[in-house]
Amino acid sequence: MHEDHGPVRYGPPAPDPGLPVLPELAAVLAAAADRTRPEPPGGGRALREAACGYWDRRGLHGGPENIVAAPGDQPLLLALIAAHGGDVLMPRPSPATWMPQARLLGRPAYQVPTPAECGGVPDPYALLETVRRVRAEGGRPKLLVLSVADDPTATVAPPELVREACEAAVGEGMHIISDETWRDTVHRPRDTVLLSPAEMCPDDVTVISDLCGAFTPAAWPVAVARFPETARGAVRRARTLDILTALGALVAGPLAPAAAHRAVLSAGALARPPQAGRHLYADLGPLRSRLAELDVTDSMELEEYLTDRLGAPAPGGHRFGDELGALRVRLGTGPLLGATPEEQRESLTAAEPLELPHVERALTTFAAAFGELR
């Protein structure tokens with residue numbers, strides 16, 4: 001029982017420490033600082049045309065009339081879920097905000113297991129079984145939210161899995177929201193094939209991307225959505241715009257232009273090899289006996305122990321929909337870059353960042369925390 005821990009530990013995890021702002025990006029923001037009016041609902045034309053160019057370079061063509069912008073992915077996804085009817089399906093584990101957003105709207109939401117090789121995309125057979133079960137219970141599964149470059153597991157789903165899952169969802173009459181926030185953080189882009197569901201099912205997929213994943217600091221919230229170029233897509237875009245307007249969710253005017261894995265495995269924990277993003281999703285189940293000696297028996301206690309030991313947020317798997325008894329945790333790599341903007345810039349620009357003294361100290365602390373668990 002955990003009645004003494006308080007409800008705060010079930011809330012969203014603390015945000016990852018932000019990376020330093022590139023001087024060029026700060027200069028763009030500063031040049032627009034005298035803009036006192038926010039962008040119009042859904043974003044101004046210049047912002048939407050920039051988003052079109054971004055997706056056009058990735059083979060997803062279309063005009064600015066198919067784009068909507070919002071101040072961050074949370075209000076954008078909330079508006080998108082609200083614009084669609086029916087029940088919501090999502091992978092397990094999934095980003096900590098997805099399930100609460102569906103519940104806030106009063107929508108039944110169900111998590112579907114992911115395959116062993118990756119997270120972010122549900123196992124196609126488990127997806128079909130969940131759809132069957134939900135319908136047998138009187139539900140109406142209409143929306144699947146997934147992420148091919150995943151948060152929290154930092155994995156990239158293989159194209160064949162994406163294709164099978166999307167075909168299964170579309171075949172059952174579901175629309176797909178593909179969160180591609182982390183696609184531009186793939187660690188080895190020449191070796192990793194990342195396929196967007198919109199490339200396979202262009203009429204049945206809405207793509208969203210939060211710019212803070214790869215382009216802007218989290219303190220500058222901007223997210224964009226690309227709707228299918230269909231009559232139904234136009235209707236859903238209009239509904240989303242209405243909801244964003246009602247929420248007052250407008251992009252701020254000046255923003256519009258603007259070695260952890262090895263340490264974890266050596267301790268005996270399990271983790272899928274990270275392929276994207278700035279974090280690692282680790283399963284410390286093999287260390288359960290040693291953790292029990294430290295009075296750590298579930299993911300809440302694991303979060304508390306590692307956050308204290310590492311001096312940085314280490315949200316437990318329960319925040320992402322995993323079972324409380326599973327000893328899983330998401331470990332951010334941002335703290336390894338340094339404690340000050342100067343150290344972080346040095347880490348990002350150094351030819352051999354692992355040889356920097358502050359990086360070596362951070363890695364030593366990180367490795368020591370897991371070494372104690374052997």
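This report describes selected features of a predicted model.

## Strand β6 and Thr 206

Strand β6 spans residues 205-210 and contains Thr 206. With a relative accessible area of 0%, Thr 206 is buried.

## Helix α3

Helix α3 covers residues 73-83, and eight of its eleven residues are buried, so the helix is largely enclosed by the rest of the structure.

## Cysteines

Cys 52 has a relative accessible area of 11% and is buried, because that value is under 20%. Cys 118 is likewise buried, at 0% relative accessibility. A search of the whole structure finds zero disulfides.

## Helices α11 and α13

Two packed helices are described by the angle between their axes and by the distance between the axes. For helix α11 (residues 299-310) and helix α13 (residues 357-371), the axes come within 10 Å and cross at roughly 140°. The crossing of α11 with α13 is right-handed.

On the α11 side, the contact involves Leu 306, Arg 309 and Leu 310. These residues meet Thr 365, Phe 366, Ala 368, Ala 369 and Phe 370 of α13. By type, the residues of this contact comprise six nonpolar, one polar and one charged.

Definitions and conventions:
Residues are numbered from 1 along each chain as its sequence is written. This is a predicted model: local features need pLDDT of at least 70, side-chain atom pairs count only at pLDDT 80 or more; totals for chains, interfaces and linings use all residues. Side-chain values use heavy atoms; hydrogens and water are left out. Helices (H or I, at least four residues) and strands (E, at least two) are DSSP runs, numbered from the N terminus. Buried means under 20% relative accessible area, exposed over 50%, partly exposed in between (1.4 Å probe, protein chains only). A disulfide is a pair of cysteine sulfur atoms within 2.5 Å. Axes are lines fitted to C-alpha atoms, for helices over the stretch in contact, and angles run from 0 to 180 degrees between N-to-C directions. A crossing is left-handed if the near helix is turned anticlockwise from the far one by less than a right angle, and right-handed if clockwise. Contact means heavy atoms within 4.5 Å. Ala, Val, Leu, Ile, Met, Phe, Trp, Tyr, Cys and Pro count as nonpolar, Asp, Glu, Lys and Arg as charged, and the others, Gly among them, as polar.
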